[in-house]
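Hi,

Here is the structure I promised to pass on. Could you open it and read my notes alongside?

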Amino acid sequence: MSDLETARIINLPKILDERGNLSFAEETKQVPFCIRRAYWIYDVPGGEIRGGHSYYKNQEIIIALSGSFDIVLTDGKESKVFSLNRSYHGLFVPTGIWRHMENFSTNAVAFVISSTDFDEGDYQRDYEAYKNSR
Ligand code: TYD
């Protein structure tokens, strides 16, 4: 299986309650890596694109906690688009896959669970170099 094929939507538990629903993610159950970090992206102006890089080591799960956006993944040859619009869906993005995020709705919040501490040295931000390395 190629790395891109291992990218997938993980169904997170959903506890339905008339007081409001609750979802969660546990390292030992839904998350296929050890959790080191969480960050979130919000107040994205209409038409903006985030991402546009891959990581050498980091793995992620991306959740649309609110609103919707699209995540475009590519391994330099093939691409896949995942539309996220449910707060109980987590997109697993494996190491080494180029990604960008687009079509953010108003009030979209992207919550990201990561396997490594932040390290600018872990980013590949040059798409031509990325493609040539594949
Ligand atoms: P970046 O990952 O490039 O954003 P995106 O991929 O969503 O477009 O990060 C933007 C800036 O924020 C960059 O200067 C690095 C910094 N940053 C941190 O300091 N810590 C973090 O955990 C993350 C994800 C980014």
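Predicted model: local features only at pLDDT ≥ 70, side-chain atom pairs only at ≥ 80, totals over all residues.

Two strands are taken to pair if DSSP finds at least two bridges between them.

In E11, alanine 110 is the bridge partner of alanine 64. E6 and strand E11 (residues 109-114) run antiparallel and are joined by six bridges. E6 also pairs with strand E9 (residues 89-93), again in the antiparallel sense, over four bridges. There, isoleucine 63 has glycine 90 of E9 as its bridge partner.

Now to the ligand. Which residues surround it? They are Arg37, Tyr39, Ile41, Arg50, Gly51, His53, Phe118, Tyr123 and Arg125. By class, this shell has four nonpolar, two polar and three charged residues.

- Arginine 37 has a side-chain N or O atom 2.5 Å from a ligand oxygen.
- Arginine 50 places a polar side-chain atom 3.1 Å from an oxygen atom of the ligand.
- Histidine 53 has a side-chain N or O atom 2.6 Å from an oxygen of the ligand.

On its own, the ligand has 530 Å² of accessible area, and the protein covers 63% of that. Strand E4 (37-41) and strand E5 (50-55) are the elements that give two or more residues to the shell.

Happy to talk any of this through.

Best wishes

Notes: Residues numbered from 1 in each chain as written. Heavy atoms only, no water. Near = heavy atom within 4 Å. Polar contact = N/O pair within 3.5 Å; in protein donor to acceptor, adjacent residues only side chain to side chain. Areas by Shrake-Rupley, 256 points an atom, 1.4 Å probe, with all protein chains shown as cover. Nonpolar A, V, L, I, M, F, W, Y, C, P; charged D, E, K, R; others polar.
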